[in-house]
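We will go from one selection to the next.

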Amino acid sequence: MAVIHVKDQGGVTTTRDPRYIGVAYHVLEIVAVVAAALLLSGIVRPGWLLAVGVAAGPLLGYILSRGPGLPNYSDDIGNWTEPLGLVSLAVEGALLLLSVSLLARSLRHRRTLH
């Protein structure tokens with residue numbers, strides 16, 4: 001997720017306009033790396049919870065930016081078939097399905113232990 005959004009933004013040091021979109025990209029990139037680090041270190045519940053947000057946030061942003069548009073940002077209205085956007089949707093969708101199911105499993109496992 002982070003790599004796709006860094007590429008879409010134009011690099012790590014680039015910030016898209018309007019500024020709030022660029023900041024949202026940077027936050028997403030950082031949170032995606034934190035979620036991966038948590039999962040790799042075995043801290044699964046917070047990691048999967050962050051992964052849900054990392055997947056759901058950009059999906060919502062994609063729909064809003066291509067549909068009605070966002071404040072001061074109308075560049076992507078109607079641009080539903082942009083190749084990098086479609087790759088991003090596929091990755092986000094897969095991550096969302098995986099993270100929701102594994103987070104739910106983790107929570108069920110926690111309940112059975114208590």
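A nonpolar core, as used here, is a set of buried Ala, Val, Leu, Ile, Met, Phe, Trp, Tyr and Cys residues joined through side-chain atoms within 4.5 Å. Keep in mind that this is a predicted model.

**The core**

Select Met1, Ala2, Leu28, Ala32, Trp48, Ala51, Val52, Val54, Ala55, Leu95 and Leu103. These eleven residues form the largest nonpolar core. Now color by element: α2 (19-40), α3 (44-66) and α4 each give two or more residues to this core. The largest share comes from α3, with five residues. In soluble globular proteins, nonpolar side chains tend to be buried together.

Next, center on Leu95. Setting aside residues up to four places away in sequence, Leu95 touches Met1, Ala51, Val54 and Ala55.

**The whole chain**

Zoom out and show the cartoon. The chain has four helices and zero strands. From the N terminus, the order reads α-α-α-α. The C-alpha trace spans about 50 × 25 × 25 Å along its principal axes. Of the 114 residues in the chain, 33% are buried. Among contacts with a separation of 6 or more, 54% join residues 24 or more positions apart.

**Helix α2**

Select residues 19-40, which is α2.

Show the side chains of Ile21, Gly22, Tyr25, His26, Leu28, Glu29, Ala32, Ala35 and Leu38. These are the buried residues of α2. An α-helix has 3.6 residues a turn, so residues three or four places apart point the same way. What covers the buried residues of α2? The cover includes α1 (2-9) and α3.

Step past the end of the helix to Gly42. This residue follows α2 and has a positive phi, near 90 degrees.

**A buried charge**

Finish at Glu92, in helix α4 (residues 83-113). Which side chain of opposite charge is nearest to Glu92? That is Arg66, 8.9 Å away. Glu92 is buried yet has no salt bridge; a salt bridge would need a nitrogen and a carboxyl oxygen within 4 Å.

Now show Ser88. Its side chain makes a polar contact with the side chain of Glu92, at 2.4 Å. Leaving out residues up to four places away in sequence, Glu92 touches Met1, His5, Ala55, Pro58 and Leu59. Two of these you have met already: Met1 and Ala55 belong to the largest nonpolar core, and Leu95 touches both Met1 and Ala55.

Key:
Residues are numbered from 1 along each chain as its sequence is written. This is a predicted model: local features need pLDDT of at least 70, side-chain atom pairs count only at pLDDT 80 or more; totals for chains, interfaces and linings use all residues. Side-chain values use heavy atoms; hydrogens and water are left out. Buried means under 20% relative accessible area, exposed over 50%, partly exposed in between (1.4 Å probe, protein chains only). Lys and Arg count as positive and Asp and Glu as negative; His and the chain ends are not counted. A polar contact is a pair of N or O atoms within 3.5 Å; within protein, one must be able to donate a hydrogen and the other to accept it, and residues adjacent in sequence count only if both atoms are side-chain atoms. Contact means heavy atoms within 4.5 Å.
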